[in-house]
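Subject: Structure handover

Hi,

Here is the structure I promised. Please open it alongside this email, and then read on for what turned up.

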Amino acid sequence: MAGGFVSQTPGVRNFNYKLTPKVFVTCFIGAFGGLIFGYDLGISGGVTQMEPFLEEFFPYVYKKMKNAHENEYCRFDSQLLTLFTSSLYLAALVSSLFASTITRVFGRKWSMFLGGFTFFIGSAFNGFAQNIAMLLIGRILLGFGVGFANQSVPVYLSEMAPPNLRGAFNNGFQVAIIFGIVVATIINYFTAQLKGNIGWRISLGLACVPAMMIMIGALILPDTPNSLIERGFTEDAKKMLQSIRGTSEVDEEFQDLIDASEESKQVKHPWKNIMLPRYRPQLIMTCFIPFFQQLTGINVITFYAPVLFQTLGFGSKASLLSAMVTGIIELLCTFVSVFTVDRFGRRVLFLQGGIQMLISQIAIGVMIGVKFGTVGTGNIGKTDANLIVALICIYVAGFAWSWGPLGWLVPSEISPLEIRSAAQAINVAVNMFFTFLVAQLFLTMLCHMKFGLFFFFAVFVFIMTIFIYLMLPETKNVPIEEMNRVWKAHWFWGRFIPDEAVGVSAAEMQQKSV
Ligand code: BGC
């Protein structure tokens, strides 16, 4: 697999290190971070449609749900119910901003530990919840955990990974997110069959398992060479680099780390810097890619697939089963990206995935519209319901090899070092904000926009596909340090990049790229 991730660009140095056991452990820790995020993403949809849970905390929604044939589109609509799901992402947004300082000043492992710790407390609050307040406090604590973990784990992973395997390691993080979602869905499937309150308590309480994994992992793992250099432990950093690379010949890479650290120390105000016109392409992409990723509507499926399937008339068990199927398809299809992103490139996957999502969303909207109309009453036959599930799977597959992994990969690889940390913080914050918004508004939107909701997201998928086609240059195999050349050669962004940043004029670059 390593070969596929080695840069083919002439003149680029490739460090062909072998995979040491120590780096493997790093990979697992990264996976724990993803599992936690994924478990959170996957668990709430199933729990919010368990009857004992609704009866205990949301009796109003429960009554409405029992009154099923009143209006299919609106039976789960409750701001409080959505707040249960979405509060986590607002908390994650806030904590990711704090986490960046802790990660920098105290090292990556303490942010990871803090993430695991707040997670653990959050899962206890949720598992033992006696009232809405405990439920929401638990959710907010879990959110803090997600913010800390998502901020620190990918950084830890990228810094520990040998440069020639970094792409595979980063995609592995997304694989782990989806794995967490699938595990959560499977747990929900079984706990939903338990009588009384024990089912949802187990589902929510089991978040303590990945929390403990990341806590213990953070305690036993060393910090990264980059972080050690940043904090003045230069000698330790060199020893660490030698031990994780499994060779004493690390001078070139070590010098790169020292240079990068020196360079980043020159920049006192990365937040001010990123506003300069020369960073406009990166700033726009860093804001728009996470925004568009969420406006694909994927989290309608992630959070509410069981609710959506119940709205379509599926039984509770069949709904959870269908959600499990879509999760497994997403997991398998994410591997398509892992194995092709460096061969076919980002643009091909973005454009192909976008078109696939667009067509399937329109088809789903039309089918639901025909069956339920605008009134929201009606019955859907078995064949039609299965067809809708199949279309949802096609949509999910399209996301899984495009906007899913690329939504995290591209923003992290397009910025020069001096603004990289600020850009990454913006990426996480924008992503969490729109995750929150979609989670909070979906049930109300379904109630008011009805099947039009699918057209709403389809319009955005159309816009984002055009946006990628026109505005995103191909970044496949381009070393991060040479990314300015890619922007300079672009028909629109070229004008923002000063000649001295690449040593040639925009006209010359565009000439070369023709
Ligand atoms: C997205 C999440 C989404 C997950 C699974 C991630 O890339 O950021 O919002 O829930 O993929 O689909």
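Start with the ligand. It is surrounded by 14 residues, and the closest are Gln 174, Gln 293, Gln 294, Asn 299 and Glu 330. A residue is near a molecule if one of its heavy atoms lies within 4 Å of it.

Before going further, some ground rules. This is a predicted model, in which local features need pLDDT of at least 70 and side-chain atom pairs count only at pLDDT 80 or more, while totals for chains, interfaces and linings use all residues. Residues are numbered from 1 along each chain as its sequence is written, and side-chain values use heavy atoms, leaving out hydrogens and water.

Back to the ligand. One of its oxygen atoms is 2.5 Å from an N or O atom in the side chain of Asn 299. For the side chain of Gln 174, the corresponding distance from a ligand oxygen is 2.9 Å. For the side chain of Trp 408, it is 3.0 Å. On its own the ligand has 310 Å² of accessible area, and the protein covers 100% of it. Accessible areas come from the Shrake-Rupley method with a 1.4 Å probe.

Next, Lys 488. It sits in helix H22 (residues 483-488). Helices are DSSP runs (H or I, at least four residues), numbered from the N terminus. Lys 488 has a relative accessible area of 2%, so it counts as buried. Buried means under 20%, exposed over 50%, and partly exposed in between (1.4 Å probe, protein chains only). What does its side chain reach at 2.5 Å? The backbone oxygen of Ile 497. A polar contact of 2.7 Å also joins the side chains of Lys 488 and Asp 499. Such a contact is a pair of N or O atoms within 3.5 Å; within protein, one must be able to donate a hydrogen and the other to accept it, and residues adjacent in sequence count only if both atoms are side-chain atoms.

Helix H8 (residues 198-205) is largely enclosed by the rest of the structure, because six of its eight residues are buried. Among them are Trp 200 and Arg 201.

Last, Phe 455. This residue is in helix H21 (residues 452-471). Phe 455 is partly exposed, because its relative accessibility is 29%. Phe 455 and Val 366 lie 89 residues apart in sequence, yet 8.8 Å apart in space, C-alpha to C-alpha.

Best wishes

Notes
Helices (H or I, at least four residues) and strands (E, at least two) are DSSP runs, numbered from the N terminus.
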